[in-house]
Amino acid sequence: MVSPYPPTRDGLANYAVQEVKRLRAEGHDVEVLSPGPSAAHHHLELRGVRGALALAKRVRGYDRVIVQFHPAMFFPEPSTSPERAAIYGALAVAWRAAPDIELRVHEFPHEGAAGSRVEATAARAMWQSADHISVHTEVERQLLASAYGLPAARIAVVDPGASFERRTELTQEEARARLGLEPDGFVFLSIGFLQPHKGFDRAVRAFGDLGERGCRLEIVGSLRVDAPEYVVYLEDLRELVDETNGVTLHEEYVSDAEFDVWIVAADALVLPYRLIWSSSVCERASLYQRPLIASRVGGLEDQTPADAIMVDSDRDLAEAMQRVAGLEPAPVPAGPWPGADRDAVMREIRSRAGAHQSAFAGARGAGPAGAATLRRMPPLRIPGPRSVRPGVSTVKWIVRLLTAWELDPVVNHVNRLQQTVTDALAGPGAAATDRADRSDGPRTPLGL
């Protein structure tokens, strides 16, 4: 299997490890090749022509190869049309080298079909070189077939949750106690990486005054990419959460088991995505029969349960949250709801970043903007000693106490270094702008 793999913090890696477990349970001997260092058997840089040709040498000796296909694995960003055409051609060589290969498509690049004639021809050759192609929804099958002139019958639709299994047997009461949540009240949950296209800010706005009506919205996730516009989005999300009663932002990457504990603790999940193809959160919500509110983008409507509420606007989202919570509907603003177009989404993200003095330009060399980006990044902190397994939190707390003398100086040094770089980029006049609000990290064990 060719895929990102744990401990990489990636939804695709999480998907792959569950499928590997299922295949091994069926008696197959499975080896994994990942595009970076991980717990996989083999590691190989896959991006570019060289990576694709190196992969061609590796796949020859296996009876079957499954590629968890995502364009980010193979195409550098940015890349030109001639570069992509060459990579498509090299990948076609790799697919033909394998005795039997399946492309499990989680996302595919539209620019291959819409690019130059050479690129479009090379892209079609790559798809046609695969023995099997599979996607997760009927919408994706039709889009892929249409984009590259493939017969729809050649593309299979597979259940994205076929390999998923429960990771906790806690009751809702036990889950809330484990997470330190109040036992009563209606709890909405939005969980996943904190990225603009996930649209968690929409959930906060749609939540509105539900905090005064006995509801809570818990947002759980971490920043996956430190790109300037993502950092700005996170700061805007923090401000929005602070201004909205009943909403809490938990900035942390949770383990697989704790991920499920959060789902069990919730009364309903809210997935207000701006852009996505499919979502493993939908599948995990189904495992625990949790009500689901999701935006109608990508193939989500095909993936969600029949009783899921699909929304097309901010107004729909707010009304759906009121309805699921059993509350009388109240007037809600219409609000914007851009279509699921990647370029439009990225323009919106970058526009917001520019409006807030983001470092989108600073990433390319502007001093003050670069300093603004660093200020927006939270100081480094050691995660709290929490675990969903009984007794493990205490053990972690003891270990934290014993290692504080080694770890705390490192954390403090990293934070001082970041502050120094920020001051240097901002110049002497702005050197002390944020010091009053910054922390050098934990000064005592556990940051107390």
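The model is a predicted one, so local features are reported only at pLDDT of at least 70 and side-chain atom pairs only at pLDDT 80 or more, while totals for chains, interfaces and linings use all residues. Residues are numbered from 1 along each chain as its sequence is written, and side-chain values use heavy atoms, with hydrogens and water left out.

The chain has 17 helices and 12 strands; here helices (H or I, at least four residues) and strands (E, at least two) are DSSP runs, numbered from the N terminus. Of its 448 residues, 50% count as buried. Buried stands for under 20% relative accessible area, exposed for over 50%, and partly exposed for anything in between (1.4 Å probe, protein chains only). Contact is taken as heavy atoms within 4.5 Å. Among contacts between residues at least 6 apart in sequence, 68% join residues at least 24 apart.

Now for the open sheet. Six strands make it up, in the order β9-β8-β7-β10-β11-β12, and the pairing is parallel. Two strands count as paired if DSSP finds at least two bridges between them. At the edges sit β9 (247-251) and β12 (309-311), each of which pairs on one side only. From one strand to the next, the twist averages 20°. Angles like this one run from 0 to 180 degrees between N-to-C directions, and the axes are lines fitted to C-alpha atoms, for helices over the stretch in contact. Helix α11 (residues 256-265) packs on the sheet and touches β7, β8 (215-221), β9 and β10; its direction makes about 145° with that of β7.

Six of its six residues are buried. With strand β10 (residues 268-271), the parallel pairing of β7 runs over two bridges, and F188 stands opposite A268.

S190 has its place in this strand, β7 (residues 186-191). Its relative accessible area is 0%, which means that S190 is buried. The S190 side chain reaches the backbone oxygen of V270 at 2.8 Å. That is a polar contact, meaning a pair of N or O atoms within 3.5 Å; within protein, one must be able to donate a hydrogen and the other to accept it, and residues adjacent in sequence count only if both atoms are side-chain atoms. Leaving aside neighbours within four places in sequence, S190 is in contact with residues including F200, L217, V220, V270 and P272.

Another strand pair involves β3 (residues 65-69), where five of five residues are buried. V65, V67 and F69 point one way from β3, while I66 and Q68 point the other way. Five bridges join β3 to strand β4 (residues 101-105), and the two run parallel. Q68 stands opposite R104 in β4. In the loop between β4 and α5 (111-114) lies E107. E107 is buried because its relative accessible area is 15%. E107 and Q68 are 39 residues apart in sequence, yet 9.5 Å apart in space, C-alpha to C-alpha. The side chain of E107 also makes a polar contact with the side chain of H70, at 3.3 Å.

Two helices round out the picture. In α6, E119, A120, A122, A123, M126 and W127 are buried. Seen down the axis of α6, these residues fall within an arc of 165°, so they line one face of the helix. The arc is that of the directions from the helix axis to the C-beta atoms. On the other side of α6, R117 and V118 are exposed. In helix α7 (residues 138-148), the buried residues are E140, L144, A145 and Y148. They cover an arc of only 125° around the axis, which puts them on the same side of α7. In general, an α-helix has 3.6 residues a turn, so residues three or four places apart point the same way. Just after α7, G149 takes a positive phi of about 65°.
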